[in-house]
Amino acid sequence: MYSVVETAILNGIDSVLVSIEANISEGLPVFEMVGFLATEVKEAKERVRIALGNSGFSLPVRRITVNFYPANLKKSGSGFDLPVALALCGAMGVLESKVLQGGLIAGEVSLSGRILPVEGVLSIVDMAKQKGKKYCIIPKDNETEAMLVSGIKIYPVQTLQETIELLSRRDFESIKPRIVKCAKKEEEFADFADVAGHEQVKRICEVAASGMHNLLMIGPPGVGKTMLALRIPGILPPLKEEEKMELSKIYSVSGLLNPGGGLLEQRPFRMPHHSIPKGALIGGGTVAKPGEISLAHAGVLFLDEFPEFDKNVLDELREPMEDKKVRISRLGGSFEYPADFILVAAMSACRCGYYPDMNRCTCTSAQVHSYLSAISQPLLDRIDLGIEVMQQPVSVLNKNERREHSADIRKRVIKVHQIQKKRYKSEQFYYNGQIPSAKIETYCPLPDDLKAYMEEMFIKLKLSARGYYKILRVARTLADMDAEEDISIRHLSEALCYRSIDKKYWEKNDYDL
């Protein structure tokens with residue numbers, strides 16, 4: 001007899017439909033599984049055989065063939081156990097084939113027949129809904145995650161025997177699954193009102209949040225760089241609905257989506273240690289998974305002690321910072337993950353931390369140069385804003401005055417985002433920091449006198465084409481913050497100031513101590 005069951009495999013943060021055919025026929029007793037299978041999928045053969053036996057359904061001593069298609073897509077993961085078991089039940093006549101063909105099934109099976117959770121259920125169920133499936137059968141432990149997708153029936157199961165009994169019921173498709181309410185947790189970010197002084201740095205943080213620009217802070221240890229970075233997520237606007245789903249899918253396939261927590265509501269803040277390997281930062285691994293840059297999607301990726309990261313690892317950031325996504329190629333296929341984040345980097349100017357204060361710096365000229373050269377010029381070109389964070393006088397620290405709260409700054413940032421939303425409503429991007437180079441003339445036009453001014457600055461500051469466009473994008477954001485339609489000279493001048501930091505620290509002549 002023949003039976004077919006549909007399941008899914010993760011491809012990036014999305015899922016691809018996979019059909020599992022089971023056929024039991026006369027011939028020498030053998031159990032074969034074919035269809036470009038990874039090791040863990042091949043091992044499902046023994047798990048399923050024993051689990052069925054322990055659930056009261058022994059396989060017949062006949063020729064058993066299980067085929068996975070499409071055959072050109074490598075099948076990996078442990079979520080194929082349950083659909084394989086049910087496909088075999090259909091081929092044995094235990095279940096009706098028409099019932100199995102109406103839905104999508106995923107789950108790992110233990111030898112005892114218990115159904116174990118799998119990663120990426122949110123993506124799997126969302127795909128099933130888009131494909132018009134009537135129902136999804138998923139592990140009980142994935143229930144709250146699956147319930148985040150509305151408009152499709154979800155049947156959570158705990159054992160293989162329970163699943164077979166469920167599908168055997170004549171009124172199966174009329175059974176109403178239980179509705180699970182997900183508790184939404186509001187996360188509170190640190191407040192800018194806790195930061196004494198640093199008014200210019202707060203200003204540049206607001207600019208970064210308003211246009212979704214990358215930011216670099218340079219300063220000696222203990223001046224508040226990390227403290228300031230930790231407060232940036234608190235001034236970012238709420239996530240859009242599509243961003244919530246996309247971000248939740250990323251965390252789902254990574255196994256990091258909190259059970260019962262609902263869709264992610266807050267923009268992420270990721271702070272990996274400088275010893276992180278390339279695969280953990282960019283993504284990848286034997287079984288491809290999103291890296292820190294994808295976990296920071298729609299939020300902030302904070303890299304403290306920026307030059308301490310491996311230079312080759314940092315250079316891997318260059319393409320994702322431009323493309324807003326990362327592509328990972330493996331023998332089993334290519335995977336694509338979103339990576340649209342704000343990079344906030346913090347560093348000292350030398351290993352001891354006190355350059356250019358020569359009264360305290362103990363580094364030689366060569367040591368300073370070696371430390372700073374860990375940051376390549378192409379990477380610097382992709383950072384829109386740069387600022388020195390200086391030690392505040394003790395009088396400022398002790399001054400008891402009212403400071404602006406993050407909530408007040410956030411209101412202004414939201415207004416600027418609304419301006420950009422209206423301007424880019426017909427485009428594929430949302431923020432000034434994402435304006436493609438081909439659209440710069442359209443959205444950042446300059447009159448002849450300002451064009452002449454920028455041509456002069458281009459030569460004087462030895463800007464690259466990418467650096468030039470970064471200045472125009474920042475100037476566009478500054479104009480939006482002033483609620484002005486046209487970019488003026490003061491916006492360009494301020495944007496140029498934010499690009500001058502790399503010239504101070506990375507020009508060769510500046511190392512002559």
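Me: Which residues lie nearest the centre of the largest pocket, and how many line it?

Reply: This is a predicted model, in which local features need pLDDT of at least 70, side-chain atom pairs count only at pLDDT 80 or more, and totals for chains, interfaces and linings use all residues. Residues are numbered from 1 along each chain as its sequence is written, and side-chain values use heavy atoms, leaving out hydrogens and water. The lining has 33 residues, and Asp-323, Lys-324, Asp-340, Gln-428 and Gln-434 lie nearest the centre. Lining residues have an atom within 4 Å of a point of the pocket, an open set on a 1 Å grid over the protein atoms alone where a 1.4 Å probe fits, with protein on both sides within 12 Å along at least five of seven lines.

Me: What makes up the lining of the largest pocket by residue class?

Reply: It divides into 11 nonpolar, 7 polar and 15 charged residues; Asp, Glu, Lys and Arg count as charged, Ala, Val, Leu, Ile, Met, Phe, Trp, Tyr, Cys and Pro as nonpolar, and the others, Gly among them, as polar.

Me: Why is Cys-350 called buried?

Reply: Its relative accessibility is 0%, and buried means under 20% relative accessible area. Cys-350 therefore counts as buried. Cys-136, also at 0%, is buried as well.

Me: How many disulfides are there?

Reply: The count is 0, where a disulfide is a pair of cysteine sulfur atoms within 2.5 Å. For Cys-350, the nearest cysteine sulfur, that of Cys-352, is 3.4 Å away, and Cys-350 is in no disulfide.

Notes:
Buried < 20%, exposed > 50% of the residue type's maximum accessible area, 1.4 Å probe, protein only.
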